[in-house]
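Please look through the sequence and the structure shown here, and then read the notes that follow, which are arranged by topic.

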Amino acid sequence: MIEPVTAAIIGVYFLALIAIGAWASGKIHNTEDYIVAGRSLGFWVFTILMVSSICSGMTLLGVSGLGFTTGWPSIWEQLFVPLAASFCIIVFGVKLHRIGKKNHYLTVEDYFADRFESPKAMRGISAVAGIVVSLIYLVGQYTAISIVLVWLFEIPHWQALIISGVIITAYTVVGGLYAVSWTTVIQGGLLIVGVLAIAPLLIMKAGGMAHINEVMAGIDPTFVQPYLTEGMTFTPEFLLSFGLMLTVGLACAPHVVNNVLAAKEERYFKWSPLIAFAVYAVVMLLMKFAGFAGRVLVEDGSIALPNVPNAQDYIFISGLEYAMPNLWVWSFFAVIVLAAVMSTTDRLMLTVGSMFAWDVWKNIFRPAASDREVLTVSRVAVVLAAGGTLLLAINPPEMLAWLMWSGIGIMLATFAVPLLAGLYWRGATREGAIASMLVGLVSGGALGYWYYVIDKMPFHFSLYAFLLSAATMVVVSMATHKTDTKVLDATLTGKFIHLR
């Protein structure tokens, strides 16, 4: 059973999240307040929100688990993922924030509707696609949270899912992006402090990096190579597509790119890309090294992993338990682990609720819907999204990283081309964008299933789907009526980024 001290500290943490939600509810006066926090996020809140929206359960559990399983060939992930935050802010954020503030965009679907002159079709397709890929990603987040709660409370997996679902849904439903952003500041801060403290300790417990590399080389020489020369993962070909998927796929993910609409000032975008990259890169590298250290500790018998299909995803928390003999210290760091895996889940849930309520309900089915009705629908959608993904998470994947990558790959195939072409190519048309998004979504889902269930391919499946989406955009746009120049000028379409 869980120690009373640990239970008390975790209880205080949960109550703090609920309290933030209650406080945030007082700031919700309309739909804009709920979805984009009244466009009021300051520099540090915005920057940490960007990091934490990308820094998910995979960061703490999936990254260390992958390091445990594959060694150094997967280290490239720790460069590609931090780049996603910088890419999103620079390439998408500057233009979207400027025109979004002027035209009162609440979601990226508002931009699609304006740029491609398609208030129904393009908006609806992009919203449905965004909901689908966000739900896929949410399953992975709840799996990560369950791993931590099962470890902490020694309860069944399904009970852990219910606890996490109720807590996160409560403050997200009540407080919207205000609650999500401020809980994220706390969770992100805890994550950074925790990883900086825990990972070096695990590395020292394992004998330092030189000893770790020596042991890993003895287990398998490929563990200490920069890439693999055989197989279908972590080869140079795979890494090329892998880098595109993580950098651009995460950058255009709805729960990430929508954050740029909530920043208070455009001037934040001068320094936030660098700071977000630096902070996240340090966290990611330390987590990968912690996975390496965990492999050594398992090999020498210091720790043992549970007998479950996704055992490698438990390596960080098993190492934490081994390295923290003091109950008070261990309990504090247990909360840090929990905070880390919760940091993206609430943002995903709010994104699903916002897209359904604002883009589908308000702008397609019920144009006359009041702010109160939109808020109610959004909150109901958040609850339904939580319930549905919790059911799907009951049977967790064999490796958390695979599920996360599948969701990111479909995000790349679906959103990258319409966003990039819409912002930077004046020849992109409405018909091209609609066809491109549909082809990306369908081919991404089909090729992802083939890649992970049937047979691997030389490149990650997302590259093939992305190329199909891009080819569709070009061919269809060239064959259809061009977009009005006034629309292109109003949406800042062109090969430029002007930062004030």
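The side chain of Thr 70 makes a polar contact with the side chain of Ser 74 at 2.9 Å, where a polar contact is a pair of N or O atoms within 3.5 Å, of which, within protein, one must be able to donate a hydrogen and the other to accept it, while residues adjacent in sequence count only if both atoms are side-chain atoms. This is a predicted model, in which local features need pLDDT of at least 70 and side-chain atom pairs count only at pLDDT 80 or more, whereas totals for chains, interfaces and linings use all residues. Residues are numbered from 1 along each chain as its sequence is written, and side-chain values use heavy atoms, with hydrogens and water left out.

- Thr 70 lies in helix H4, residues 57-70, where helices are DSSP runs (H or I, at least four residues) numbered from the N terminus.
- A polar atom of the Thr 70 side chain lies 2.7 Å from the backbone oxygen of Leu 66.
- Thr 70 counts as buried because its relative accessibility is 15%, and buried means under 20% relative accessible area, exposed over 50% and partly exposed in between (1.4 Å probe, protein chains only).
- Leaving aside residues up to four places away in sequence, Thr 70 touches Thr 222, Phe 223 and Phe 234, contact meaning heavy atoms within 4.5 Å.
- Thr 235, in the loop between helix H9 (208-219) and H10, is buried because its relative accessibility is 5%.
- With residues up to four places away in sequence not counted, Thr 235 touches Leu 228, Thr 229, Glu 230 and Pro 458.

**Helices H5 and H10**

- The axes of H5 and helix H10 (residues 236-251) come within 7 Å and cross at roughly 40 degrees, the axes being lines fitted to C-alpha atoms over the stretch in contact, with angles running from 0 to 180 degrees between N-to-C directions.
- H5 and H10 are therefore oblique to each other, since angles under 35 degrees count as roughly parallel, over 145 as roughly antiparallel, 65 to 115 as roughly perpendicular and the rest as oblique.
- Among the residues that make the contact are Phe 80 and Phe 87 of H5 and Leu 239 and Phe 242 of H10.

**Positive phi in loops**

- Arg 39, in the loop between helix H2 (31-36) and helix H3 (43-54), has a phi near 50 degrees, a positive value in a residue other than glycine.
- Arg 39 is buried, with a relative accessible area of 10%.
- His 104, in the loop between helix H5 (77-103) and helix H6 (108-115), has a positive phi of about 60 degrees although it is not a glycine.
- His 104 counts as exposed, at 53% relative accessibility.

Definitions and conventions:
Helix = DSSP H or I, 4+ residues; strand = E, 2+ residues; numbered from the N terminus.
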